[in-house]
Each structure stands twice: as structure tokens, then as C-alpha cells.
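Visitor: I would like a close look at a single part of this model. Please take me through it step by step.

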Amino acid sequence: MSATSDQPLLQAEQVTKVYRSGLLEQREPVTALKQFSLEIHAEQPRIVALAGQSGSGKSTAAQIALGFVQPTSGSIRYRGTPLAKLARGPRRQFRQEVQAVLQDPFTAFNPVYRVRHVFDVVVRNFEIAATPAEARRAVAEAIEFVGLDPARVLDAYPHQLSGGERQRVMIARACLLRPRVIVADEPVSMVDASIRAAILEVIVNLRKEAGISFLYVTHDLSTAYHIADELLVLYEGETVERGDARAVIDAPTHEYTRRLIDAVPVPDPDVRWAAAVREDAA
Ligand SMILES: Nc1ncnc2c1ncn2[C@@H]1O[C@H](COP(=O)(O)OP(=O)(O)OP(=O)(O)O)[C@@H](O)[C@H]1O
């Protein structure tokens, strides 16, 4: 099928992933993801949360959407073409339009280089700007957008930034590529509550102002409630629930979703969590 503009930007169709052990291992195959489907359309930017407990298959779905892991069956299509069949040009476009922001940003940095290096690599490898001055301006704008000071951040070494600042740098790096989708795998699980709110706000603003969609992987339903448009709940690799994020959390139909909601801590155990969050958000 040829790629046309009315095709979804990114589409997972009945994706199943079975991890088999290597020749020397004697483990049973693990079905990490079962018949997983999802569509993200360029003209309708959305934050899609993928929630579930540890081992439910969230990261596998994210890695498959990024083309890092091959599905056992089913397919991932980018603008209508299966990833495996993308020619060189469209593959490059996919690499630019679909970006990753992962859980532990420290591993994405080379500790020997200043943070500037992360951006230099992007500017060198992709056509970000026509002139070096324009590129510098684009880098500064991206860093300012995530609420950081470009002068300080660019000259710092990765260890001189906090975890939350490193995470925001990685979001700025992704933004510099003008992506249409960012796959964010537990982007706030390693930062404290106040920084978490700031990063989630950046995500919401990027959806609103830059039209970037997010596949937001989380084990934390309260953040999904606050920022997601759509919520998919995974249980043992299966999508047990999907729909409008707030509607799903307010009225879960699956027992597992109810258990996930009950697992979210609330200051007063007599107050139902979803009601508490609603009051919070009002
Ligand atoms: N490379 C791999 N080889 C073998 N099994 C794997 C591999 N990656 C994941 N798995 C298994 O697949 C299942 C789903 O894992 P996955 O990492 O996708 O879940 P998750 O929901 O993201 O979990 P977490 O929140 O702990 O990251 C687990 O049982 C896991 O052990």
C-alpha cells in the first residue's frame, strides 16, 4: 500500500510480541504483548497513556512503536507503510518524526561531553536550520520551551544537572527535530513530585502548542488522569480497557483497572482516589 496523507501517522495493527529464550537458556517463551492496536493521526494530536503494572507489556509496546523491537506478528505502519518496508528517505523521516524520551535520561548522555554535544549531534545529522546562527537560535528556543536556561544548560556536564533537568534536556532535544510523536516511557518516574508536574506541563503544552502527540507510558494512573486524552490499560500484554482517560478512570469496567486505581495512594483512605484527583484538578 502506498503512503498517503490520510493514513495514520503511526499505526499498530494487532501486534503480538513473544520473547523466546536464546539457545543456551531454558526459559519458557514470554508473550509480552497480545493483539495490540493503536492509531495516532498527525492532524489530531493526542496524549495516549499506556498504563499497567510492571511486566504488563508497556515498554514492549513503546519499543515496537519506535521500531527498536520487531513484532512477532502484526505490524507497525508509519504513514501507511510497514516499518520493515520503509525506504531510506521515509525511514529517515520516521526517525525524525517519531522521537523517544526514555525513563533514565542519564544513559542518553555521554558523561565526557558537555550537554551542548547532545544538540550539536542533532544539528549535524538533521537539517534543523539553514545557518549556524539559526541552529543556535532553534536550540536555545527548544531549551527555553522546557523551562531551562540555555546558557547554563549547554555548558554544563550531564552530572551537573538534576534528573529532572536532564529529562527536560532530552525533551528539548526531541523537540528540536520537530517530531509529530514522542514516545515517552516513564518520563517522570525518576523525578520528585514538583519536577514531575513541570515536566507533565511541558508535555501538555507541546501537544497544545506544537501539535505533538505522545505515547505516554506510565504505571501511574494519576498522571494519566491529569494529562492524557486516551488511556489504554495493559494486563499481561492484553489491552483490557481503552477509552477517554478520565471516563475510564472514573468508571472502569475491568477488575484489573479498578485494582490499579485502588493502588494509587490517597492522603485520606476514606476518599475515593478518582474523586480526590477531580477536586484537585478543579
Ligand atoms: N528482551 C526480553 N527478553 C525476554 N523477555 C522480555 C524482554 N523484554 C521484556 N520481557 C518480558 O516481557 C514482559 C513485558 O515486559 P515489559 O518490559 O514490556 O513490561 P512493562 O509493563 O514495561 O514493565 P516495567 O513497568 O517493569 O518496565 C515481562 O514479562 C518481561 O519480563
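Visitor: At roughly what angle do the axes of helix 4 and helix 6 cross?

Guide: Keep in mind that this is a predicted model. The axes of helix 4 (residues 132-145) and helix 6 cross at roughly 135°. They come within 8 Å. Angles over 145 degrees would count as roughly antiparallel, and 65 to 115 as roughly perpendicular. Helix 4 and helix 6 are therefore oblique to each other. Their crossing is right-handed.

Now look at who makes the contact. Helix 4 brings A138, V139, A142, I143 and F145. Helix 6 brings A172, C175 and L176. The spacing has a simple background. An α-helix has 3.6 residues a turn, so residues three or four places apart point the same way.

Next, take helix 6 by itself. It covers residues 163-176, which makes 14 residues. At 1.5 Å a residue, helix 6 should span 20 Å.

Finally, follow the chain past the end. Just after helix 6 comes R178. Its phi is positive, at about 50°.

Key
Residues are numbered from 1 along each chain as its sequence is written. This is a predicted model: local features need pLDDT of at least 70, side-chain atom pairs count only at pLDDT 80 or more; totals for chains, interfaces and linings use all residues. Helices (H or I, at least four residues) and strands (E, at least two) are DSSP runs, numbered from the N terminus. The expected span of a helix is 1.5 Å times one less than its number of residues. Axes are lines fitted to C-alpha atoms, for helices over the stretch in contact, and angles run from 0 to 180 degrees between N-to-C directions. Angles under 35 degrees count as roughly parallel, over 145 as roughly antiparallel, 65 to 115 as roughly perpendicular and the rest as oblique. A crossing is left-handed if the near helix is turned anticlockwise from the far one by less than a right angle, and right-handed if clockwise. Two residues are in contact if their C-beta atoms, placed from the backbone, lie within 7 Å.
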